[in-house]
Amino acid sequence: HIIAATTGMPTLTKALRQSITSTIKDGVPKTHDLVQSGTIPLAAFLQPVFALEMPGKSGRRVIAVLLALKNASTSLFPLLDSQAAITKTDETILVRRQGNLVTYISPLADGTPPLKRKLAAENNDLAAAYAVNHPGSFKQLRDYTGKEVLATSRTLPGLPWILVQKITVSEALSESQRHQRFLYIILSLTMILATTLLITAWFYG
């Protein structure tokens with residue numbers, strides 16, 4: 001039962017109630033998955049409240065849980081946007097798996113709001129799907145827009161989220177491709193020059 005709440009407290013979801021029950025049972029602080037309140041994504045934090053220890057009694061008994069909700073749009077998501085990035089197409093996103101779907105938790109570069117885009121989790125050509133199925137991997141895949149990207153991922157301890165960092169292949173390999181084209185041109189010119197010299201030597205020989 002809710003003992004006290006501040007104004008704007010959203011209705012407790014089934015999953016959030018389960019986290020509260022788990023916190024009471026374990027007596028360990030927890031960070032819950034995002035909670036949607038209207039259009040606002042909220043990060044939930046749970047802290048057990050223990051009864052005062054009486055002389056002669058052992059153990060700590062949880063008598064309540066303090067639930068704090070914080071607007072992820074102003075506290076969490078800005079941390080994913082690196083203002084110091086010198087690249088144009090890199091993007092850091094949070095994703096999670098829900099059954100057969102992978103949900104994009106954070107807002108996306110194409111303007112999609114948080115928690116609104118969901119794609120098939122079994123599509124291992126998709127960077128987000130591959131990340132939730134193989135966390136810690138690095139591979140060339142396709143992002144949610146269909147572009148070829150280089151993507152790597154990491155798990156977040158205590159949370160069902162996966163952090164994905166990606167950048168388009170065209171930008172990531174642009175310097176290498178320019179160098180490759182330069183070497184190809186030099187090699188071609190060298191072969192043409194060598195062939196010309198051989199033909200000239202044969203003609204005058």
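Trainee: Where does Leu-66 sit, and why is Leu-66 called exposed?

Mentor: In this predicted model, Leu-66 is part of strand S3, residues 62–71. Its relative accessibility is 53%, and exposed means over 50%, so Leu-66 counts as exposed.

Trainee: What makes Val-49, Ile-63 and Leu-66 a patch?

Mentor: Nonpolar side chains are joined within 5 Å, provided each residue has over 30% relative accessible area and no salt bridge. Val-49, Ile-63 and Leu-66 form such a nonpolar patch on the surface, and together they have about 260 Å² of accessible area.

Trainee: Helix H1 next. Is Ser-19 buried or exposed, and how do you know?

Mentor: Ser-19 lies in helix H1. Its relative accessibility is 15% and the buried class is under 20%, so Ser-19 is buried. Beyond its neighbours within four places in sequence, Ser-19 is in contact with Lys-30, His-32 and Leu-46.

Trainee: And why does Lys-25 get its label?

Mentor: Lys-25 is also found in helix H1, residues 14–26. With 74% relative accessibility against a cut-off of over 50%, Lys-25 counts as exposed. Its C-alpha is 7.8 Å from that of Val-62, 37 residues apart in sequence.

Trainee: How do you know that Asp-33 and Arg-96 form a salt bridge?

Mentor: Their closest N and O atoms are 2.6 Å apart. The limit is 4 Å between a Lys or Arg side-chain nitrogen and an Asp or Glu carboxyl oxygen, so the pair qualifies. The pair links distant parts of the chain, with Asp-33 in strand S1 and Arg-96 in strand S4, 63 residues apart.

Trainee: Are those two partners buried or exposed?

Mentor: Asp-33 comes in at 16% and Arg-96 at 9%. Buried is under 20%, so Asp-33 counts as buried, and so does Arg-96.

Trainee: What makes Glu-91 and Lys-166 a salt bridge?

Mentor: The N to O distance is 3.0 Å, and the definition asks for within 4 Å, so their side chains meet in a salt bridge. Glu-91 is in strand S4 and Lys-166 in strand S9, 75 residues apart.

Trainee: Why is Asp-110 called partly exposed?

Mentor: Asp-110 has 40% relative accessibility. Buried is under 20% and exposed over 50%, with partly exposed in between, so that is where Asp-110 belongs. Asp-110 also forms a salt bridge with Arg-117, at 2.4 Å between the closest N and O atoms.

Trainee: How many salt bridges are there in the whole structure?

Mentor: The search finds seven.

Terms used
Residues numbered from 1 in each chain as written. Predicted model: local features only at pLDDT ≥ 70, side-chain atom pairs only at ≥ 80, totals over all residues. Heavy atoms only, no water. Helix = DSSP H or I, 4+ residues; strand = E, 2+ residues; numbered from the N terminus. Buried < 20%, exposed > 50% of the residue type's maximum accessible area, 1.4 Å probe, protein only. Contact = heavy atoms within 4.5 Å. Patch = residues over 30% accessible without salt bridge, like charges linked within 9 Å, V, L, I, M, F, W, Y side chains within 5 Å. Areas by Shrake-Rupley, 256 points an atom, 1.4 Å probe, with all protein chains shown as cover.
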